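Please look at the model below before reading on. The paragraphs after it are meant to be read with the structure in view.

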Amino acid sequence: MKKIILIGFAALIYACGGPQTSNNEAENAGTTTEQTTTTKDVSEYDPHRGEGKFKDVELGALDLAKAEKGKAIYDMKCQSCHKLTDERLVGPGWHGVTQRRTPAWLLNFITNPDAMLDKDPELQAQLEICLVRMPNQNVADEEAYALVEFMRKNDGVK
């Protein structure tokens with residue numbers, strides 16, 4: 001009786017051990033493909049423009065009406081994580097952001113934060129400091145322009 005139990009137990013261990021090797025090989029193959037794809041995507045990333053639909057964005061004189069609308073959006077969606085100074089709250093402060101980033105980069109990050117966080121090396125470094133991914137606030141294009149105008153006003157653009 002003990003031999004039957006031992007043989008059954010050995011068969012169970014063998015049966016459970018076999019497929020794991022196949023799964024690991026399949027998982028490793030998938031990981032390799034994924035890493036190759038990610039590496040390719042990162043190499044095509046433009047750090048001055050970011051990832052998204054905005055490309056060559058030229059901003060003229062400050063649009064005060066848009067800046068006021070941007071302030072209202074900031075109060076509702078951004079203020080809990082970003083200060084208007086250079087002091088970090090949850091995310092980095094906004095002071096000087098329009099001098100550090102192009103308008104296209106800002107618009108792409110506001111409207112497409114997930115892809116930008118996955119590809120932008122500076123955002124990934126910032127993520128290590130802040131420890132929280134910026135959530136996608138589903139900001140429409142017009143709202144993003146208003147936020148950028150508010151950022152410009154905050155940075156002293158007239």
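This is a predicted model: local features need pLDDT of at least 70, side-chain atom pairs count only at pLDDT 80 or more; totals for chains, interfaces and linings use all residues.

Residues are numbered from 1 along each chain as its sequence is written, and side-chain values use heavy atoms, with hydrogens and water left out.

Begin at Asp120, which lies in the loop between α5 (113-119) and α6 (121-130); helices here are DSSP runs of H or I with at least four residues, numbered from the N terminus. Asp120 is buried yet has no salt bridge, and the nearest side chain of opposite charge, Arg101, is 4.6 Å away. Buried means under 20% relative accessible area, computed with a 1.4 Å probe on protein chains only, and a salt bridge needs a side-chain nitrogen of Lys or Arg within 4 Å of a carboxyl oxygen of Asp or Glu. Lys and Arg count as positive and Asp and Glu as negative, whereas His and the chain ends are not counted.

Arg101 itself lies over the face of Trp105, at 3.9 Å from the ring centre, where the rule asks for CZ of Arg, or NZ of Lys, within 6 Å of the ring centre and within 35 degrees of the ring normal.

Turning to the aromatic rings, Tyr74 and Phe150 form a tilted pair, 5.4 Å centre to centre with 40 degrees between the planes. Rings of Phe, Tyr and Trp (its six-membered ring) pair if their centres lie within 6.5 Å, and planes under 30 degrees apart count as stacked, over 60 as edge-to-face and the rest as tilted. The pair links distant parts of the chain, with Tyr74 in helix α2 (residues 64-78) and Phe150 in helix α7 (residues 141-154), 76 residues apart. Tyr74 is buried at a relative accessible area of 3%, and Phe150 is buried at 7%.

Key:
Helices (H or I, at least four residues) and strands (E, at least two) are DSSP runs, numbered from the N terminus. Buried means under 20% relative accessible area, exposed over 50%, partly exposed in between (1.4 Å probe, protein chains only).
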